[in-house]
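Q: I'm new to this one. Can you walk me through a few parts of it?
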Amino acid sequence: MLTIDNVYRAQEVLKGVARKTDVIYAPKLKAGAQLYLKTENLQITGSFKVRGAYYKMSKLSEEEKARGVIACSAGNHAQGVALAAQKNGIKSVICLPDGAPISKVEATKSYGAEVCLVEGVYDDAYQKALQLRDEMGYTFIHPFNDEDVIAGQGTIALELIEQLPDLDAVLVPIGGGGLISGIAFTLKTIKPNIKVYGVQALGAPSMKNSVDNGAIEELPSVSTIADGIAVKKPGNLTYELCRQYVDEIVTVSEDEISAAILALMEKHKLVTEGAGAVGVAAAMFGKVDLTDKKAVCLLSGGNIDVNILSRVIKRGLLMSGRSCQLLIELQDKPGQLKDVSRIIADLGGNVISVHHERANEAADINGCYLHIELETRNYEHIHSIRQALKDFGFKLL
């Protein structure tokens with residue numbers, strides 16, 4: 001059984017291996033709340049996963065170590081297992097979904113692991129890992145449904161209690177549930193008054209659905225930029241721990257996750273992956289009531305693929321009112337574009353792209369369309385620009 005003594009033992013084992021990550025005050029992210037950030041995105045390997053993986057591996061017998069280890073992962077557990085295996089001189093094989101970010105795949109290889117890419121998502125990689133375990137005799141290191149792995153993740157809660165002794169609430173990402181299980185169990189055992197909120201992506205709400213409906217459920221598919229928490233089915237251990245110790249589970253949309261990633265970069269100079277930003281998204285968009293509460297969002301990882309970062313930023317800009325697109329119907333005569341530009345410039349908007357299109361057969365024969373992309377300050381700024389254009393007589397579509 002999972003015990004608090006096991007969590008404290010994990011803390012001892014992890015000394016000199018996992019960093020005690022900083023807690024940063026983040027007053028700009030949510031008005032009315034005392035919000036803090038637990039920066040596991042700055043952990044060695046860029047994720048909290050090294051805690052549970054290393055502690056689990058420290059408890060293997062010599063026979064198990066000799067057989068080598070195998071794991072499945074969306075990317076972060078892979079790096080934790082690979083690093084732990086490297087430090088202990090153990091052969092490691094990691095099954096990753098073929099859609100895992102290239103940065104996570106290459107980082108896993110850099111720690112000396114043999115990588116097996118599997119078509120599909122995490123759950124498909126899990127089945128392949130079990131197959132190879134049975135065929136080759138490897139020792140399987142589960143990413144979340146294991147008491148020692150959960151105890152390793154629970155060491156984060158011990159740090160939080162020391163760093164924020166008057167903490168009221170914690171917001172934790174949920175994929176398979178290992179992270180929140182360790183944190184919730186530890187916090188509720190030591191300080192039961194602290195609220196523990198779980199956060200899932202709207203496109204992968206497996207734990208929320210399971211807890212809400214009173215039984216473990218498997219999603220037919222998952223779809224989210226938060227690849228680290230794209231899990232179809234929670235574990236039986238993590239399900240029971242979440243059901244018992246987690247106060248509430250909420251979901252956030254892709255746009256809300258993107259806006260949170262952008263806010264963390266711009267306001268706090270912190271890079272997070274989608275999974276690492278869901279707690280901040282929940283706080284920013286009022287998914288839980290944090291009024292006058294001292295709360296901490298766990299930034300679980302920072303291993304975002306730079307190839308999708310620009311798309312996430314663009315989406316985050318749109319979501320936060322920092323960028324907008326206008327479609328204006330004009331009369332095809334001189335001076336129209338000049339008037340549009342003047343109105344936008346007078347109000348402080350910055351035009352970054354313009355596309356002028358002659359009207360199609362369904363529109364006025366003397367008409368044309370103007371597609372404009374703008375940099376703006378916020379939604380109020382967008383509204384003022386749109387209203388000024390309308391007041392001048394332009395038709396916005």
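Q: What do the buried residues of α13 pack against?
A: They pack against α11 (254-268), with contact meaning heavy atoms within 4.5 Å. This is a predicted model, where local features need pLDDT of at least 70, side-chain atom pairs count only at pLDDT 80 or more, and totals for chains, interfaces and linings use all residues. Residues are numbered from 1 along each chain as its sequence is written, and side-chain values use heavy atoms, leaving out hydrogens and water.

Q: Which residues of α13 are buried?
A: L309, V312 and G316. Buried is under 20% relative accessible area, exposed is over 50%, and partly exposed is in between (1.4 Å probe, protein chains only). Down the axis of α13, the buried residues fall within an arc of 70 degrees, so they line one face of the helix. The arc is taken from the directions from the helix axis to the C-beta atoms.

Q: And which are exposed on the other side of α13?
A: S310 and R311.

Q: What follows α13?
A: G321, with a positive phi near 75 degrees.

Q: New topic. What is the strand order in the open sheet of four strands?
A: β12-β13-β11-β14, with antiparallel pairing. Two strands pair if DSSP finds at least two bridges between them. Helices (H or I, at least four residues) and strands (E, at least two) are DSSP runs, numbered from the N terminus.

Q: Which strands stand at the edges?
A: β12 (350-358) and β14 (395-396). Each has a single partner strand, so one side of each lacks a neighbour in the sheet.

Q: How many bridges join β12 and β13?
A: Eight, in the antiparallel sense. In β13, Y369 is the bridge partner of E357.
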